[in-house]
There are 2 protein chains.
Amino acid sequence: MGDDAAVIEREHDCEVITKDLLIEDQHFRLRYFTPAHLAKKALHVNLSDIAAMGATAEYAILGLAIPSTLSPTWLSEFLAHFAEECKKVNIYLIGGDTCFSPQGFLISITIIGRVTKSELKLRSGAKPLDILCLLGYPGDAYAGLQLLERDDCAFAPLLHAARSPTALIEEGKWLGEKAAVTAMIDTSDGLYIDLQHLCEASLVGAKLELNQLPVSSLLPEACTYLKIAQEKCQLIGGEDYGLLFTVQKDDYPDLKKAFQQAFTTPFASIGYITETPGIKLLRDNTAYAFHYHPFSHFGE
Amino acid sequence: MGDDAAVIEREHDCEVITKDLLIEDQHFRLRYFTPAHLAKKALHVNLSDIAAMGATAEYAILGLAIPSTLSPTWLSEFLAHFAEECKKVNIYLIGGDTCFSPQGFLISITIIGRVTKSELKLRSGAKPLDILCLLGYPGDAYAGLQLLERDDCAFAPLLHAARSPTALIEEGKWLGEKAAVTAMIDTSDGLYIDLQHLCEASLVGAKLELNQLPVSSLLPEACTYLKIAQEKCQLIGGEDYGLLFTVQKDDYPDLKKAFQQAFTTPFASIGYITETPGIKLLRDNTAYAFHYHPFSHFGE
């Protein structure tokens with residue numbers, strides 16, 4: 001309980017189980033999600049939770065509630081893409097449940113993964129002075145969602161980040177194997193909230209340096225265009241499916257080097273863990289006032 | 001795939017996993033479901049799938065999509081009852097996912113169970129001449145649902161069958177242990193459809209004697225009152241969560257006797273398996289014409 005996935009300790013290893021709901025007009029709109037986009041996103045949202053535990057996904061179960069407005073063609077395309085995406089990431093689709101929905105399309109996926117006990121990562125292992133690290137570009141998916149909501153096709157890579165995220169599957173497994181990684185979570189709710197979850201589970205606080213947040217090449221321009229403060233987008237925007245994790249200070253330089261030899265995924269150290277609870281934001285080493293006002297899912 | 005639950009073969013035994021969606025105004029209405037009713041039903045609908053595999057439930061994961069119309073009090077009552085029901089049947093609630101729903105309350109439950117390989121029951125094992133057996137009273141839940149839809153409080157036991165079904169957990173496990181039981185399914189979709197599923201999976205047909213269907217004491221009167229043909233109610237009415245299974249002919253008398261020593265649950269032999277595909281209905285040993293017209297979920 002309280003982690004990205006539920007954990008069952010078995011004799012030799014741990015089973016890791018996710019369950020994420022995706023609801024039409026809450027998590028997606030069919031106006032701008034093709035069957036292929038939605039199939040991939042629904043799967044990868046769950047795979048991201050498995051990756052955040054350092055685990056390997058093995059099986060998927062697909063539950064669908066289908067409204068009468070959805071055409072059979074649309075649905076069969078969705079199913080074909082879902083099966084194809086499962087194949088790509090080497091997991092078996094072992095069952096499901098379909099029913100009629102009186103209102104809206106609804107996707108409920110369960111993924112079952114495995115990890116050896118020593119490689120299981122939780123949110124609760126962070127210690128004071130651990131380096132806070134982030135994979136991925138925070139805010140891109142949120143900016144992309146705002147563009148999609150406006151039916152605005154500019155900034156294609158941001159639209160892609162919102163519609164078709166790719167879980168950091170191999171990166172999560174790789175980090176799972178490293179004893180120096182003390183805690184991990186995926187950034188599905190937004191960097192600030194997910195850091196809060198990690199800190200609360202670990203009974204620690206964090207200092208986060210805003211200048212060190214990785215910024216994708218299009219985000220500043222998109223934020224100006226959308227009239228959103230870039231920091232807010234990076235801190236509060238959800239659905240990025242990056243990985244936020246903590247690394248023991250002494251091991252950090254070697255781990256970073258080894259990671260960058262293995263992957264091209266953007267890797268940034270964005271702060272460190274403190275004994276004092278709470279999250280302190282810094283800009284150029286100076287305290288930065290920030291009042292958390294969540295975005296609603298669609299629009300501010 | 002194709003059974004009541006997905007199966008993963010592990011080294012020593014099988015893991016059995018269900019995933020059922022319950023959707024407001026499709027599977028239930030909050031007008032006549034208290035939090036306690038709904039918590040129990042949501043859990044037992046899934047436990048029934050586990051029982052139909054001959055397995056023992058061990059863990060539950062609860063996913064909820066919550067509309068703004070649902071009060072915190074209602075929700076916390078629901079959660080307290082759900083936790084209590086889990087405790088009663090000795091399973092651990094190990095995780096979940098909650099999100100906002102733009103329309104309607106939605107419950108997605110996953111149950112993980114276990115069964116040794118030799119005791120796993122599938123739909124696909126029925127052989128010609130096997131005796132077709134049923135636990136429970138078919139039609140009661142459907143009649144109860146019609147009464148609830150009319151806000152009619154007569155026939156309390158039928159309302160109870162619709163609102164608060166109890167999965168045949170111990171009976172399913174007991175039948176799982178018996179090698180003479182060749183196939184099993186729960187009657188969630190309605191006896192006729194579930195028999196069809198069993199026959200199709202086993203590549204066989206069945207003869208079903210209507211006179212042998214167990215009838216609860218209130219069903220005939222309720223059917224007259226509701227102006228529904230009793231046979232139709234028994235054959236097509238869903239949500240009974242009884243168990244339909246097949247038993248090798250020679251072992252049938254001993255199995256029935258042993259069952260009735262162990263349980264008070266209504267047990268009936270209702271026909272037998274045939275080599276010829278398709279379901280033949282008999283009344284007093286004479287062919288009975290029946291054209292399947294499904295009920296819609298709410299009302300005819």
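Predicted model: local features only at pLDDT ≥ 70, side-chain atom pairs only at ≥ 80, totals over all residues.
Figure 1. Taking all chains together, the count is 32 salt bridges. Arg10(A) sits in the loop between β1 and β2 of chain A, while Glu15(B) belongs to strand β2 of chain B, so this pair joins two chains.

**Figure 2. Here is where chain A meets chain B.** On each side there are 37 residues: 37 of chain A are in contact with 37 of chain B. Between them the chains bury about 2,900 Å², with 66% of that on carbon and sulfur atoms. The interface also holds 4 salt bridges and 8 residue pairs in polar contact. On chain A's side, the elements giving two or more residues are β1 (6–9), β2 (13–23), β3 (56–66), β4 (92–100) and β5 (106–116). The largest share, 7 residues, comes from β3(A). Sorted by class, this side of chain A has 19 nonpolar, 9 polar and 9 charged residues.

**Figure 3. Two strands of chain A are linked by Arg114(A) and Glu58(A).** This salt bridge has its closest N and O atoms 3.9 Å apart. Arg114(A) is in strand β5 and Glu58(A) in strand β3, 56 residues apart in the chain. Arg114(A) is buried, with a relative accessible area of 15%, whereas Glu58(A) is partly exposed at 23%. Both belong to a network of salt bridges that also includes Arg10(A) and Glu15(B).

Figure 4. Arg29(A) and Glu149(A) form a salt bridge, with the closest N and O atoms 2.6 Å apart. Arg29(A) counts as buried at 19% relative accessibility, while Glu149(A), at 22%, is partly exposed.

**Figure 5. Now for the nonpolar cores.** The largest has 52 residues, and Phe105(B), Ile107(B) and Ile111(B) have the most contacts inside it. Several elements of chain B each supply at least two residues, including β2, α2 and α7. The biggest contributor is α1(B), with 7 residues. Another core of 51 residues lies apart from this one, with Ala39(A), Ala60(A), Phe78(A) and Phe155(A) among its members.

Conventions. Residues numbered from 1 in each chain as written. Chains lettered and ligands numbered in written order. Heavy atoms only, no water. Contact = heavy atoms within 4.5 Å. Buried area = accessible area lost by both parts, 1.4 Å probe. Salt bridge = Lys/Arg side-chain N within 4 Å of Asp/Glu carboxyl O. Polar contact = N/O pair within 3.5 Å; in protein donor to acceptor, adjacent residues only side chain to side chain. Helix = DSSP H or I, 4+ residues; strand = E, 2+ residues; numbered from the N terminus. Nonpolar A, V, L, I, M, F, W, Y, C, P; charged D, E, K, R; others polar. Core = buried A, V, L, I, M, F, W, Y, C linked by side-chain atoms within 4.5 Å. Buried < 20%, exposed > 50% of the residue type's maximum accessible area, 1.4 Å probe, protein only.
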